[in-house]
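Here is a short briefing on a protein model, written for someone new to reading structures. Please keep the picture open as you go through the points.

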Amino acid sequence: MVSLVVLVLVLMDPSMFNIHEAKCTISKPVSSLHKYYQEGDLIIGGITSLIYAISEIMDFSKLLNDMAYNMPFVLTNHYQHVLAMAFAVKEINENLQILPNVTLGFHLWNSYFNARETYHIMVELISTNNRFLPNYKCDFQNNLIAAIGGLEAETSLYIASVLAIYKIPQLTYGSASVMNERLSGLSVYQMVPNEVKQYRGILHLILHFRWTWIGLIVVDDERGERFQQALVPLFFRNGICLAFTAKFLQVTSIDYYFTMIHDGLETFDVVMESKANAIILYGDSESISYMRWSIQFSGTVFAAKKLKWKVYIMTIQMDFVSYYYQRNWEKEILHGAISFTVHTNEPPGFQQFVQSRKPLRTEGDGFIREFWEQAFLCHFSDSLVDKGFNNNCTGDEKLESLPADIFEMSMTGPSYSIYNAVYAVAHALHALHSFCYGHRRMMETEKCNFFSQPSWRLHHFLKSVSFNNSAGDSVSFDASGEVATGYDVINWLAFPNQSFFKIRIGEVHPEAPADHILTINEEDITWNTWFNQTQPLSFCSVSCHPGYRKKMKEGEPFCCYGCIPCPEGKISDQKDMGDCFQCPEDQYPSEGQNECLPKVYNFLSYSEPLGIMLAFFALSFSLITALVLGIFIRHQNTPIVKANNRDLTFTLLILLLLCFLTSLLFIGCPQTVTCYFRQTAFGIIFSMAVSCILAKTILVLLAFMATKPGTRMRKWVGKGLANSILLFCSFIPLIVCAVWLCTSPPFPDLDTHSLDKEIIVECNEGSAMIFYCVLGYLGFLASVSFTVAFLARKLPDSFNEAKFITFSMLVFCSVWLSFIPSYLSTKGKYMVAVEIFSILVSSAGLLGFIFLPKCYIIILSPRLNCKEQLIRKN
């Protein structure tokens with residue numbers, strides 16, 4: 001049908017014919033009774049969707065001048081669309097600043113939700129006044145400059161296909177975004193945002209309430225199919241699943257009503273059985289009425305009660321409208337529903353204008369009588385159709401007394417779009433008027449007749465129009481011809497006494513950053529009474545708590561899953577996590593595996609009992625060593641001190657003192673300086689101490705060998721040999737440690753892996769090989785010393801301390817042999833404690849076995865400390 005109409009109008013293009021200005025002899029065509037004329041110098045055409053008339057299916061068996069309609073049904077809430085256009089035109093005509101000396105008028109028709117009637121209206125609109133003949137000028141012309149309509153996407157397309165031939169601007173006030181591809185290149189301006197932006201608003205609303213299991217009911221046509229195709233991938237990418245998808249028929253004739261009711265019952269059975277509590281409804285202005293038909297004739301009270309347990313999310317195309325016969329039908333099913341509507345503000349004076357409308361005092365309005373009768377359930381005495389109402393209409397009934405589902409006093413979203421559309425045309429005309437007469441002053445030789453300007457010239461000014469309306473909102477079009485605005489989020493309230501209200505609870509700003517697209521005030525939301533004023537939940541599976549992760553169920557959507565604990569060493573700190581994760585290196589999982597706790601630092605501290613005890617023993621042994629050294633210095637001239645090289649004795653005591661003090665470097669938090677020196681100092685000092693013991697043992701052995709007659713060993717006995725042994729054996733660890741510090745020195749390090757709940761603060765040895773080389777060299781010296789002392793253990797007692805050295809080295813070797821496995825098997829501060837313990841025990845063994853017997857003689861048995869006693873024979 002679209003192609004046929006376009007073809008006819010193209011063939012009737014005025015460029016192909018001579019235009020005759022003559023008196024028309026064509027008779028007045030059959031025209032719709034439902035129209036609103038207000039004459040003016042310039043005319044804005046309007047197509048509204050106010051009255052619905054069910055017709056029989058056309059079989060084209062005979063020629064019809066008009067469609068055969070039954071009784072018309074009025075969508076009473078849509079009458080406000082008519083009033084919005086009348087109010088805007090009235091304001092503009094009273095404002096001499098916009099269109100001075102120009103009267104704006106409008107011709108408004110009803111589409112009857114029907115393609116044929118819409119095309120009929122459009123051809124009549126572009127024809128001579130009251131003549132059904134386009135492209136001819138005779139009598140009075142309809143000076144059409146723009147058209148506003150329609151509410152439905154299909155109606156907008158029908159209008160656009162005609163107006164595009166004449167390049168007459170069309171401003172739609174309903175969402176027609178699903179038709180964008182077919183409207184591309186046509187003269188269309190949209191007074192609502194692109195529908196794609198609404199998808200983002202719906203998505204953010206669902207994410208805001210953390211709903212993941214959603215039902216979807218769409219109209220069974222191209223619009224519903226495209227809505228579903230756009231929304232499902234968007235939901236999938238954001239972790240939202242569809243519990244079900246259902247469709248309902250768009251009724252175009254009486255025959256479809258029974259099919260619609262039958263299919264509706266099946267659809268709502270699916271809704272009742274689903275666990276999804278959030279249902280998205282996508283349709284048009286009549287969809288709610290169809291849904292109420294299905295519920296009303298379901299024949300079960302259970303269905304109506306069950307449906308109350310859902311939260312319905314309505315798209316911008318839908319509105320709560322009722323036919324007069326549905327006024328007392330069940331409406332609580334929609335209590336707590338949430339809908340989107342184009343952003344709306346209340347122009348000053350609109351409600352007063354609405355209140356002033358009376359059917360007996362309004363000229364040219366062909367809608368008001370039908371509206372009045374079905375809104376107030378009364379009839380006028382001269383009504384052409386008997387509607388069965390018992391009361392007579394007085395014409396003085398008050399519109400403000402009607403419930404909101406019958407008529408709203410506050411301006412609705414579509415009405416606000418119509419209001420802005422009329423002003424947009426007016427401001428574009430103002431810009432054209434200013435351009436026309438400004439151009440005439442520059443070009444005096446040319447005439448500029450403002451009223452004869454072709455409609456296509458208005459496009460340039462419409463595209464760039466920008467103004468603030470009387471409500472304070474800015475109105476302008478973007479590059480694609482869509483108004484730059486957002487959405488309001490509305491909460492529907494339906495009560496048992498049949499009262500109905502709409503509360504604005506938030507806004508959607510499609511162009512804002514993701515975290516600011518939706519602003520909503522949850523305190524203003526009223527949920528369905530079934531939910532006890534708590535936010536409804538809508539999910540397939542119970543949320544997995546922190547400490548658990550989701551496990552997908554085979555053959556089911558990804559929103560349906562089980563919950564299993566996180567594996568050891570991993571956590572999940574949010575609900576419904578798909579996988580668990582490891583904590584950062586400086587944290588560890590809590591017992592419930594639902595959070596990461598900070599690890600404590602692990603090092604041997606002076607403030608803990610183990611550190612205090614080891615420090616105490618280190619200082620105690622240091623004091624004892626210093627005391628022994630003091631005793632030996634005081635009795636340095638006695639025979640027992642002078643025996644076995646007094647200088648080596650003093651050196652060994654000093655080195656043992658340093659060994660005890662070296663252990664203190666291992667206590668406390670490792671620092672760069674302490675890490676540099678604690679292992680190197682330990683290696684060098686212990687090597688020197690063992691070297692002293694080796695030198696003393698060798699001297700003892702050589703001393704006895706030198707007493708034999710004729711031996712040449714006497715020349716080796718003396719300080720020179722002892723010093724040589726000490727320097728040579730000490731030089732090697734000095735070189736090794738110097739290389740160690742120059743190439744790969746120790747440094748403070750954090751070990752986050754060895755212990756689960758602690759971070760080990762340690763000194764990294766830098767080069768483990770050099771560290772074990774130092775220990776190996778120390779073990780080698782100790783082994784040699786032990787061997788030599790063992791060989792000299794049976795020499796005469798008076799001259800021989802080799803027996804004590806043997807015992808001391810046995811202890812020394814035993815300690816450090818057991819140190820290696822103990823050191824490697826412990827971690828953290830206990831590893832350090834093992835090394836400190838080994839240092840203290842081995843040093844104490846040397847001190848005790850070598851020097852305590854001599855101290856006993858010096859202090860408690862001084863009679864034995866004489867030369868005669870030392871040189872006595874066995």
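The S-S bond between Cys378 and Cys393 has a torsion of about 100 degrees, so this disulfide is right-handed. A disulfide here is a pair of cysteine sulfur atoms within 2.5 Å, and the structure holds 7 of them. This is a predicted model, in which local features need pLDDT of at least 70, side-chain atom pairs count only at pLDDT 80 or more, and totals for chains, interfaces and linings use all residues. Residues are numbered from 1 along each chain as its sequence is written, and side-chain values use heavy atoms, with hydrogens and water left out.

**The pair Cys378 and Cys393**
- The sulfur atoms of Cys378 and Cys393 are 1.8 Å apart.
- Cys378 sits in strand E14 (residues 378-379), while Cys393 is in the loop between strand E15 (391-392) and helix H13 (413-442), so the bond ties together parts 15 residues apart in sequence.
- Strands (E, at least two residues) and helices (H or I, at least four) are DSSP runs, numbered from the N terminus.
- Cys378 and Cys393 are both buried, where buried means under 20% relative accessible area, exposed over 50%, and partly exposed in between (1.4 Å probe, protein chains only).

**Two left-handed disulfides**
- Between Cys566 and Cys580 the S-S torsion is about -80 degrees, so this disulfide is left-handed.
- Cys566 lies in the loop between strand E22 (561-565) and strand E23 (570-571), and Cys580 in the loop between E23 and strand E24 (581-582), 14 residues apart.
- Cys583 and Cys596 have a torsion of about -90 degrees, so their disulfide is left-handed.
- Cys583 is in the loop between E24 and strand E25 (587-589) and Cys596 in strand E26 (residues 596-598), so this pair joins parts 13 residues apart in sequence.
- Cys583 counts as buried because its relative accessibility is 15%.

**A sheet and its helices**
- An open sheet of 6 strands has the order E1-E5-E2-E6-E7-E8, with mixed pairing; two strands pair if DSSP finds at least two bridges between them.
- Strands E1 (35-38) and E8 (188-190) are at the edges with a single partner strand each, so one side of each has no neighbour in the sheet.
- Strand E2 (residues 42-48) and strand E5 (residues 104-110) run parallel and are joined by 7 bridges.
- Helix H2 (residues 79-94) lies across E1, E2, E5 and strand E6 (144-148), at about 175 degrees to E5; axes are lines fitted to C-alpha atoms, for helices over the stretch in contact (heavy atoms within 4.5 Å), and angles run from 0 to 180 degrees between N-to-C directions.
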